[in-house]
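Colleague: I'd like to learn how to read a model like this one. Could you walk me through it, feature by feature?

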Amino acid sequence: FSPVPELPEDFEERVRRELFEPTMIEMRRRGTPFRGVLYAGLMWNRASNQLNVIEFNARFGDPEAQVLLDRWEGDVYPWLEASARGELSLLEGKIPFAKDASVFVVAAAPGYPESPEKGLPLRTPLPAAPDAFVSGLKRLPSGEWVTNGGRVLGVMGRGPTLASARADAYAAMDGVKFPRMHFRTDIGKGAKS
């Protein structure tokens, strides 16, 4: 979900200073400078205020990026091009995000993540874009959609508050049905909006 309301005001600057800048400096020192999207999967312990890096990926994180891209206002391309060219400093300000909140919920196949079942029929019409993101479905020659991966599809909810975005996402998930599907019911729950 995005935005994350519980983060301290200086959190973004802290992540930049403590994690990204040292990483970029070290990559340059090793002769492997980086341009592009560097996604950091982080865990933050509120009680100890400690940050831990779970992973770095040279791509947008999935499904984490969906809520950010949903809130991104304007054209994404100039930001991506400037990043690839090493010219981000030429862009003014920060990436423009809508004030609305977004919540993304993923429907997973039984057996996910170790051994997801494939070939299970989607029993409802495919949700309409842009509110649905298909990732683990396959269309058969008959036109039927069947599961073909662990993360089968995700639905987006958006609203003026996190609570309304959450309600929107779970209402959309009510329209997704395939045998033994499962999804988290706690996305955004308990977060203050």
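**Reading a helix from its buried side**

Colleague: Let's start with helix α2, residues 64-71: which residues are buried there?

Modeller: In α2, the buried ones are Ala65, Gln66, Val67 and Arg71. Buried means a relative accessible area under 20%, exposed means over 50%, and partly exposed is what lies in between, with a 1.4 Å probe and protein chains only. Helices are DSSP runs of H or I with at least four residues, strands are runs of E with at least two, and both are numbered from the N terminus. Before we go on: this is a predicted model, so local features need pLDDT of at least 70 and side-chain atom pairs count only at pLDDT 80 or more, while totals for chains, interfaces and linings use all residues. Residues are numbered from 1 along each chain as its sequence is written, and side-chain values use heavy atoms, leaving out hydrogens and water.

Colleague: And what covers the buried residues of α2?

Modeller: The cover includes three strands: β3 (101-108), β4 (132-134) and β7 (151-159). Contact here means heavy atoms within 4.5 Å.

**The overall layout**

Colleague: How many helices and strands does the chain have, and what pattern do they follow?

Modeller: There are four helices and seven strands. Going along the sequence, the pattern reads α-β-β-α-α-β-β-β-β-β-α. The C-alpha trace spans about 55 × 40 × 35 Å along its principal axes. Of the 193 residues, 32% are buried. If you take the contacts with a separation of 6 or more, 62% of them join residues 24 or more positions apart.

**A hairpin and its strands**

Colleague: Now the strands: in which sense do β1 and β2 pair?

Modeller: Two strands pair if DSSP finds at least two bridges between them. Strand β1 (residues 39-45) and β2 pair in the antiparallel sense, over seven bridges. As a landmark, look for Leu42, which stands opposite Val53 in β2. The two strands make a hairpin with four residues between them, and Asn49 in the turn has a positive phi of about 60 degrees.

Colleague: Is Asn57 buried or exposed?

Modeller: Asn57 lies in strand β2, residues 50-57. It counts as buried because its relative accessibility is 16%. In a regular strand, side chains alternate between the two faces of the sheet. The side chain of Asn57 makes a polar contact of 3.3 Å with that of Glu55. A polar contact is a pair of N or O atoms within 3.5 Å; within protein, one must be able to donate a hydrogen and the other to accept it, and residues adjacent in sequence count only if both atoms are side-chain atoms. Setting aside residues up to four places away in sequence, Asn57 touches Val37, Leu38 and Tyr39.

**Charged pairs**

Colleague: How many salt bridges are there?

Modeller: We call it a salt bridge when a side-chain nitrogen of Lys or Arg is within 4 Å of a carboxyl oxygen of Asp or Glu. By that rule the count is 12. Take Glu12 and Arg16, whose closest N and O atoms are 3.6 Å apart. Both sit in helix α1 (residues 11-29), four residues apart, which is about one turn of the helix. Glu12 counts as partly exposed because its relative accessibility is 46%, and Arg16 is partly exposed too, at 35%. Glu12, Glu13, Arg16 and Lys94 are linked in a network of salt bridges.

Colleague: What about Arg30 and Glu26: which of the classes does each fall into?

Modeller: Their side chains meet in a salt bridge at 2.8 Å, N to O. Arg30 is exposed, at 60% relative accessibility, whereas Glu26 is partly exposed, at 27%.

**The end of a helix**

Colleague: Last one: what is Met173 in contact with?

Modeller: Met173 belongs to helix α4, residues 162-173. With a relative accessible area of 1%, Met173 is buried. Leaving out neighbours within four places in sequence, Met173 contacts Val105, Val106, Ala107, Val155, Met181 and Phe183. Pick out Val155 in that list: it is 18 residues from Met173 along the chain, and their C-alpha atoms are separated by 6.4 Å.
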